[in-house]
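I opened the model with a notebook beside me. These are my entries, in the order I made them.

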Amino acid sequence: MSFSTSLTNHLLIAMPGLQDPNFARTVTYVCEHTEQGAMGIVINRPLDVTLGELLVQLDISTEYAAVRDTPVYQGGPVQTDRGFVLHTAGPAFDSTLAITPDISVTTSRDVLEAIASGEGPEQILIALGYAGWGGGQLEQEMGANAWLNGPASTDIIFRLAPSSRWVAAAQLLGVEDMNLLSGDIGHA
């Protein structure tokens, strides 16, 4: 399959038949998609860890209860010991990839320090790990009907309850009941 359309700034919605425990019923925000592969952050798998707990480990203090109580997400099965901050536009940080004018991902400590001091981006999603695909792998999975994809929505990424994101992302595409979708590929 030749590379023709980038899925950067799209949501990947796991089809009901996708049984891989890393991705069953997930929504993944695609941060980058090129011929060399793709990288994304799963946005609907909160862990039993808060940002406050991570900040303590990093020796960063905060006086803000809302910051301490911010959930941390399982961003994917790759580099699960590495943090990623998906966020809306704001100040520049040491290691930021601007995905769109409105959404960036940052991996440097300075974003966490800014969040802890109340000076971080307006909307954030903190994740440990990421989802990664080699060149052509995501296209193969799409061809095998493992994923639906559609445009990203900041409301779904940052504002909606994590348990509602899978259904809401599908509804953006007009799919009202994910359970009615079949993973079988039809042939004429």
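**Entry 1: Gln 79.** I looked up how open Gln 79 is. Its relative accessibility is 36%, so Gln 79 counts as partly exposed. My cut-offs: buried is under 20% relative accessible area, exposed is over 50%, and partly exposed is in between, with a 1.4 Å probe and protein chains only. I found Gln 79 in strand β6. Gln 79 is not a glycine, yet its phi is positive, about 50 degrees. I noted the background: most residues other than glycine have a negative phi.

**Entry 2: ground rules.** I am working on a predicted model, where local features need pLDDT of at least 70, side-chain atom pairs count only at pLDDT 80 or more, and totals for chains, interfaces and linings use all residues. Residues are numbered from 1 along each chain as its sequence is written, and side-chain values use heavy atoms, with hydrogens and water left out.

**Entry 3: Asn 145.** I checked another positive phi. Asn 145 is a residue other than glycine, and its phi is near 70 degrees. I placed Asn 145 in the loop between α4 (137–143) and β10 (147–151). Helices here are DSSP runs of H or I with at least four residues, strands are runs of E with at least two, and both are numbered from the N terminus. Asn 145 has 23% relative accessibility, so it counts as partly exposed.

**Entry 4: Leu 18.** Which residues does Leu 18 touch, leaving aside neighbours within four places in sequence? I listed Phe 23, Ala 24, Ala 146 and Trp 147. Contact means heavy atoms within 4.5 Å. Leu 18 sits in the loop between β1 and β2. Leu 18 and Trp 147 are 129 residues apart along the chain, but their C-alpha atoms are separated by 8.0 Å. With 18% relative accessibility, Leu 18 counts as buried.

**Entry 5: Thr 88.** I went back to strand β6, which covers residues 78–88 and includes Thr 88. Is Thr 88 buried or exposed? Thr 88 is buried, because its relative accessible area is 14%. I then listed what Thr 88 touches, not counting residues up to four places away in sequence: Asp 102, Pro 121, Glu 122, Gln 123 and Phe 158.

**Entry 6: Asp 110.** I found Asp 110 in helix α3 (residues 109–116). Asp 110 is at 17% relative accessibility, so it counts as buried. Leaving aside neighbours within four places in sequence, Asp 110 is in contact with Phe 93 and Asp 94. A polar atom of the Asp 110 side chain lies 2.8 Å from the backbone nitrogen of Asp 94. I also looked at Ala 92, which is 18 residues from Asp 110 along the chain; the two C-alpha atoms are separated by 9.5 Å.

**Entry 7: helix α3.** How many of the eight residues of α3 are buried? Six are, so α3 is mostly covered. I wrote them down: Asp 110, Val 111, Leu 112, Ala 114, Ile 115 and Ala 116. The cover over these buried residues includes α1 (51–57), α2 (65–68), β6, β8 (103–106) and β9. Just after α3 comes Gly 118, with a positive phi of about 80 degrees.

**Entry 8: helix α6.** I moved on to α6, residues 165–172, where Arg 165, Trp 166, Ala 168, Ala 169 and Ala 170 are buried. What covers them? The cover includes β1 (10–14), β2 (27–34), β5 (71–74), β9 (124–134) and α5 (154–159). Gly 174 follows α6, and its phi is positive, near 90 degrees.

**Entry 9: the chain.** I counted six helices and ten strands in the chain. The radius of gyration is 17 Å, close to the 16 Å that the globule rule gives for 188 residues, so the chain is as compact as a globular protein of that length. This radius is taken over C-alpha atoms, and the rule is 2.2 Å times the number of residues to the power 0.38. Along its principal axes, the C-alpha trace spans about 60 × 30 × 25 Å. Buried residues make up 44% of the 188 residues. Of the contacts with a separation of 6 or more, 66% join residues 24 or more positions apart.

Key
Polar contact = N/O pair within 3.5 Å; in protein donor to acceptor, adjacent residues only side chain to side chain.
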